[in-house]
Amino acid sequence: MPNSSNYNSYVQRDAAAIWHPFTQHQIEPFSIPITRGEGCWLYGANGDKYLDAISSWWVNIHGHGHPYLAKKVYEQALKIEQVIFAGFTHEPAIRLSERLLSHLPKHFHKVFFSDNGSTAVEVAIKMALQFYYNQGHTKKRKILALQDAYHGDTFGAMSLGAPSSFNAPFQDMLFEVEFISQPGNPEACLQDMKNKLEAEPDVYAAFIFEPLVQGAGGMLMYEPSTLDALIQLAHEHAILCIADEIMTGFGRTGKWFAMDYLSHKPDIVCLSKGLTGGMMAMGVTCCSNDIFHSFLSEDRKKTLFHSHSFTANPLACAAANASLDIMEKEETWSNIQRVSDHHEKWVASKKGHPIIQNVRQRGTILALDLHTGESTGYMHPLRDRAYQYFIKKGVLLRPLGNTLYILAPYCIQNEELDLIYKSIEEFAEELKPIC
Ligand SMILES: *Cc1c(COP(=O)(O)O)cnc(C)c1O
């Protein structure tokens with residue numbers, strides 16, 4: 001056990017020097033120091049351990065401290081750690097691109113690298129808008145998105161997200177996006193899109209969506225048939241479809257990509273989060289040759305002028321290639337199946353529960369709403385209480401308002417899942433008196 005004054009100074013130094021993401025420091029001044037991770041567990045500097053039920057914000061699909069990922073990044077670091085990606089290239093990026101394309105539908109031909117999920121979305125939007133711009137379609141400037149969408153925290157990505165308390169301070173500076181009503185109600189949603197396209201048939205360049213599961217918006221789930229109909233309608237109006245698979249990619253929904261459940265495929269896909277197995281920050285935006293060719297010209301002004309310092313960083317590419325090695329293993333897919341099956345059994349056992357309601361699942365993602373008679377939403381007062389409750393129990397769950405979800409590394413064992421279920425059931429038990 002480390003000495004507690006050391007531990008306290010650790011926490012104090014952090015609080016003195018660091019501004020944390022998505023953190024109201026007045027309410028949550030202290031962060032938990034973590035020194036080590038292994039599999040689904042995070043180990044704290046004070047000797048506590050935490051079961052990472054959310055894959056550390058949805059990225060560590062193979063768990064923490066994976067020796068194979070570490071080895072591959074180390075080996076790459078000894079060769080070339082970083083090289084400018086305009087005018088230069090390297091084997092890890094080429095290999096990764098070929099492999100990603102081999103797992104995507106056949107009409108995807110090109111991979112564009114960036115740094116994270118938000119940048120992958122920014123690139124997708126630029127691709128779609130400039131696709132029409134380069135061809136002289138001056139009217140196609142607007143974008144369609146879904147209600148309750150989340151696409152990241154940069155300005156373009158915020159514009160595509162549903163208006164919320166996250167982006168309220170900037171709302172007047174965001175570009176205009178038309179939001180289609182919740183796909184959980186297929187008829188209303190489809191009709192809404194039809195109405196918008198009828199009102200303004202030629203103004204939309206792109207339709208962006210999180211396929212099948214809207215993550216940060218509350219783990220809202222909807223059916224492939226709904227998305228198929230929306231994509232078909234968009235395509236009939238020459239609107240490019242952008243799948244934001246930043247959360248759903250790499251086995252999360254039970255298939256390689258959520259779009260694998262669809263018969264109508266998107267034109268552009270954004271990937272990040274699970275891409276490197278949580279080892280390094282990286283995003284990619286993949287598109288068809290149709291889109292790529294619209295940027296080809298003797299005229300340099302038709303170039304896609306987008307780059308980040310660390311574009312296609314070789315260490316991140318090596319991590320992604322190593323993560324794909326693991327993804328391509330049979331064992332990983334049997335784990336994905338096992339986690340999905342285990343979730344399914346628990347979901348069935350919760351039918352008619354007074355507090356644990358609206359239990360839903362897609363592959364390895366499980367979500368539920370805690371019903372307390374109060375309204376829902378990210379700022380729900382239950383959120384902080386639930387978060388602290390689970391942390392004290394040694395389970396890292398980050399509720400979205402009154403919505404709890406499990407999005408664990410695929411290597412999580414059934415006993416560890418049971419531990420999470422049990423802690424949720426116990427919390428629900430505590431809530432009973434206030435209902
Ligand atoms: C997390 C996420 C993003 C943003 O990715 P960052 O790497 O956090 O910028 C975008 N879209 C979806 C669906 C996400 O889950």
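Is Thr248 buried or exposed? Thr248 is buried, at a relative accessible area of 1%, where buried means under 20%, exposed over 50% and partly exposed in between, computed with a 1.4 Å probe and protein chains only. Before we walk on, please keep in mind that this is a predicted model, in which local features need pLDDT of at least 70, side-chain atom pairs count only at pLDDT 80 or more, and totals for chains, interfaces and linings use all residues. Residues are numbered from 1 along each chain as its sequence is written, and side-chain values use heavy atoms, with hydrogens and water left out.

Let us stay with Thr248 for a moment. Thr248 sits in the loop between β10 (240-244) and β11; helices (H or I, at least four residues) and strands (E, at least two) are DSSP runs, numbered from the N terminus. Its side chain makes a polar contact of 2.9 Å with the side chain of Glu245. A polar contact here is a pair of N or O atoms within 3.5 Å; within protein, one must be able to donate a hydrogen and the other to accept it, and residues adjacent in sequence count only if both atoms are side-chain atoms.

Now for the ligand. Around the ligand we find Trp58, Asn116, Gly117, Ser118, Tyr150, His151, Gly152, Glu210, Asp244, Ile246, Met247 and Lys273, a residue being near if one of its heavy atoms lies within 4 Å. This shell divides into four nonpolar, five polar and three charged residues; Ala, Val, Leu, Ile, Met, Phe, Trp, Tyr, Cys and Pro count as nonpolar, Asp, Glu, Lys and Arg as charged, and the others, Gly among them, as polar. A polar backbone atom of Gly117 is 2.8 Å from an oxygen atom of the ligand, and an N or O atom in the side chain of Ser118 is 2.6 Å from a ligand oxygen. On the nitrogen side, a polar side-chain atom of Asp244 lies 2.6 Å from a nitrogen atom of the ligand. Taken alone, the ligand exposes 380 Å², and the protein buries 83% of that, with areas from the Shrake-Rupley method and a 1.4 Å probe.

Lys273 belongs to the loop between β11 (268-271) and β12 (283-287) and is partly exposed at 22%. Tyr150, in the loop between β5 (142-146) and α6 (155-160), counts as partly exposed at 21%.

Next, a look at the backbone. Most residues other than glycine have a negative phi. Trp57, in helix α2 (residues 55-58), has a positive phi of about 65°. Asp148, in the loop between β5 and α6, has a positive phi of about 70°.

Finally, there is an open sheet of four strands, in the order β1-β2-β3-β15 and with mixed pairing; two strands pair if DSSP finds at least two bridges between them. β1 (34-38) and β15 (395-396) stand at the edges with a single partner strand each, so one side of each is left without a neighbour in the sheet. β1 pairs with β2 (residues 41-44) in the antiparallel sense over four bridges, and Arg36 has Tyr43 in β2 as its bridge partner.
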